Amino acid sequence: MTAIRATNLSKRYGPTVAVAELSFDVEPGRVTGFLGPNGAGKSTTMRMILGLDRPSGGAVLVDGRPYHELRHPLRKVGALLDAKAVHGGRSARDHLLAIAQSNGLPASRVEQVLETVGLREVARRRVGGFSLGMAQRLGIAAALLGDPEILLFDEPVNGLDPDGILWIRTLMRELAAEGRAVFVSSHLMSEMAQTADHLIVIGKGRLIADTGVDEFIARSSQGYVRVRSPRLAEVADLIGTGERHPDHLRVTAMSTLEIGTLTARAGIPLEELTHVRPSLEAAYMELTKDSLEYTS
Amino acid sequence: MIDILRSEWTKLRSVRSTVWTLAATAVMMIGFGALLSAAVKNTADGPVELANALMASLSGAMFASLSIAALGVLVISGEYRTGGIRTSFMAVPRRLHLLAGKAVVFTVTSLVVCTLAAAGALAAGLAITQPAGLTPGEVVRSAVGAGLYLTACGLFGLALGTLVRHTPGALVAAIALIMVLPALVRQLPGQWGRTVAEHFTTNAGQLVMAGGGGGSSLSPWAGFGVYLAWIAVTAVAAGVLMRRRDA
């Protein structure tokens with residue numbers, strides 16, 4: 001069953017449109033990246049999924065039902081929105097215990113998730129003194145408490161050190177491999193390239209792309225082959241296509257193998273023969289350049 | 001619902017502000033009670049009248065009502081301040097259930113602590129004043145009345161905290177409605193003004209402590225009922241907004 005289904009989901013704040021007619025599905029068993037520039041409406045969408053914000057139009061269903069109809073929602077959905085949104089005066093263990101109790105989860109789950117995220121040693125410390133990395137782990141522990149099939153993470157790597165980033169990436173991959181639906185937002189394409197199987201890209205609250213990561217690259221601007229040779233003019237004449245640059249030739253109509261075969265047959269030496277792939281970052285920039293909320 | 005109650009109890013007992021505000025409430029009840037009782041005893045010519053002795057013993061309620069109201073405010077505004085309210089709403093999407101859970105846990109905790117504090121204040125105060133004609137029934141009634149009154153003040157704070165959603169604003173509203181405005185409306189002129197003053201929040205509510213007398217046209221329980229109506233109206237408004245507002 002589709003884990004999350006948004007249908008014409010919209011959110012307006014007065015005259016400002018934060019999310020406009022957004023429709024997408026999040027499927028189990030893979031990491032779905034939710035991508036868009038800052039201010040694109042990612043967090044608003046996530047809050048609507050979790051029943052925190054009321055949609056102005058459309059609907060979003062979690063496991064086929066509105067979030068607020070779930071009886072023990074944390075057993076179905078785990079979410080990390082803002083890691084620092086915890087009462088600083090409480091210990092990590094009490095914070096998690098209160099959450100667990102509200103959904104009828106046993107206290108033993110608290111110990112298990114503390115172990116999973118590596119916070120067992122500091123379970124009795126007040127969370128106000130936690131570093132961002134520790135707070136992030138605590139937020140993930142809370143998301144995992146109910147052993148949910150669906151997980152949402154809002155910008156989980158923001159402000160983390162490389163160790164923390166790697167840990168979260170690995171965790172998300174593992175959760176998806178266990179068959180769970182993982183929905184993770186980010187404004188960094190490079191981050192999504194490392195983790196996501198599928199991408200939902202939005203800009204100014206509208207859907208720009210809903211596609212696999214590979215198709216996303218393929219669909220955007222074409223790659224090209226860069227050819228450099230001391231006898232560049234001869235190469236150009238030989239293959240009969242391509243764009244002349246002072247020190248190289250840029251070819252889009254032929255593959256490296258075709259060009260290499262031709263030049264080898266003609267005995268022309270090559271300095272370079274490279275297939276230049278467009279980066280995911282470049283593809284993303286190209287797609288979202290019209291939808292940046294704030295342009296510098 | 002039992003899940004929510006357990007969860008809210010864990011939240012309440014695990015922050016320091018709970019301990020501090022409850023301790024402040026008890027200290028003010030017993031401290032002021034003993035202090036004023038000593039003053040009454042010293043200025044009295046003969047034996048102290050029972051009504052005066054009881055009133056002196058419970059004189060701390062004026063300030064204790066503010067500290068318990070502060071706890072009521074913090075129970076919910078603390079979650080709004082930190083953003084923890086989102087975690088709570090994610091765990092319990094039926095927001096009124098969450099609010100009801102907070103109210104129940106707060107009420108039970110406050111009733112126990114405030115009634116014990118009032119009993120302590122009465123024990124200390126009456127030991128000092130040694131009034132004539134003391135009956136155990138009267139003492140128990142006063143202690144229970146003070147526990148109820150203070151708990152109602154705390155619930156008023158909880159309702160205001162839910163309505164205003166941030167700590168300083170809710171605290172100011174609570175102080176105004178519990179302490180400042182009740183004194184001001186007593187200055188209203190005429191019969192109409194007198195009626196308004198008698199029915200205004202704590203002017204009506206604290207009758208349940210005094211056990212009659214005091215010149216009000218309301219009986220102790222009627223007065224307490226009027227106070228509860230103020231709180232109920234605030235709580236209903238708060239609940240409606242809590243359901244509708246984005247978190």
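In chain B, helix H2 and helix H3 (residues 50-57) pack against each other at an angle of about 145 degrees, and their axes are 7 Å apart. Helices here are DSSP runs of H or I with at least four residues, strands are runs of E with at least two, and both are numbered from the N terminus. Axes are lines fitted to C-alpha atoms, for helices over the stretch in contact, and angles run from 0 to 180 degrees between N-to-C directions. The contact is formed by B:Gly33, B:Leu36, B:Ser37 and B:Val40 on the side of H2(B) and by B:Asn52, B:Ala53, B:Ala56 and B:Ser57 on the side of H3(B), where two residues are in contact if their C-beta atoms, placed from the backbone, lie within 7 Å. Four of these residues are nonpolar, four are polar and none is charged; the nonpolar class holds Ala, Val, Leu, Ile, Met, Phe, Trp, Tyr, Cys and Pro, the charged class Asp, Glu, Lys and Arg, and the polar class the others, Gly among them.

The model is predicted, and local features need pLDDT of at least 70, side-chain atom pairs count only at pLDDT 80 or more, while totals for chains, interfaces and linings use all residues. Residues are numbered from 1 along each chain as its sequence is written, and chains are lettered from A and ligands numbered from 1 in the order in which they are written.

## Chain B as a whole

Chain B contains twelve helices and zero strands. Its radius of gyration is 19 Å, close to the 18 Å that the globule rule gives for 247 residues, so chain B is as compact as a globular protein of that length; the radius is taken over C-alpha atoms, and the rule is 2.2 Å times the number of residues to the power 0.38. Along the principal axes, the C-alpha atoms of chain B fill a box of roughly 65 × 40 × 30 Å. Of its 247 residues, 51% count as buried, a residue being buried if 20 or more other C-beta atoms lie within 10 Å of its own, exposed if 12 or fewer, and partly exposed in between, with C-beta atoms placed from the backbone. Among the contacts in chain B with a separation of 6 or more, 77% join residues 24 or more positions apart.

An unreviewed UniProt entry places the feature "transmembrane region" at residues 20-40, 60-78, 99-128, 140-160, 167-185 and 221-242 of chain B; such annotations may be inferred rather than shown by experiment, feature names are shortened, and the positions are given in the numbering used here.

## Where the chains meet

Between the two chains, 24 residues of chain B are in contact with 29 residues of chain A. On the chain B side, the elements that give two or more residues are helix H1 (2-13), helix H2 (16-43), helix H4 (61-82) and helix H5 (84-91). By class, this side has eight nonpolar, nine polar and seven charged residues.

## A sheet and its helices in chain A

Chain A has an open sheet of four strands in the order E11-E12-E10-E13, with antiparallel pairing. Strands E11 (243-244) and E13 (272-276) of chain A stand at the edges, each with a single partner strand, so one side of each is left without a neighbour in the sheet. Two strands pair if DSSP finds at least two bridges between them, and strand E10 (residues 224-228) of chain A pairs with E13(A) in the antiparallel sense over five bridges. In E13(A), A:His275 is the bridge partner of A:Val225.

Helix H8 (residues 232-239) of chain A lies across E10, E11 and strand E12 (249-251) of that chain, at about 25 degrees to E12(A). Helix H9 (residues 256-266) of chain A lies across E10, E12 and E13 of chain A and runs at about 165 degrees to E13(A).

## Single residues

Helix H1 (residues 42-49) of chain A has seven of its eight residues buried, so this helix is largely enclosed by the rest of the structure. A:Gly51, with a positive phi near 75 degrees, follows H1(A).

A:Asn8 lies in strand E1 (residues 4-13) of chain A and has a positive phi of about 50 degrees although it is not a glycine. B:Arg165, in the loop between helix H7 (136-164) and helix H8 (167-185) of chain B, also is not a glycine and has a positive phi of about 70 degrees. B:Arg165 is buried, with 20 other C-beta atoms within 10 Å.
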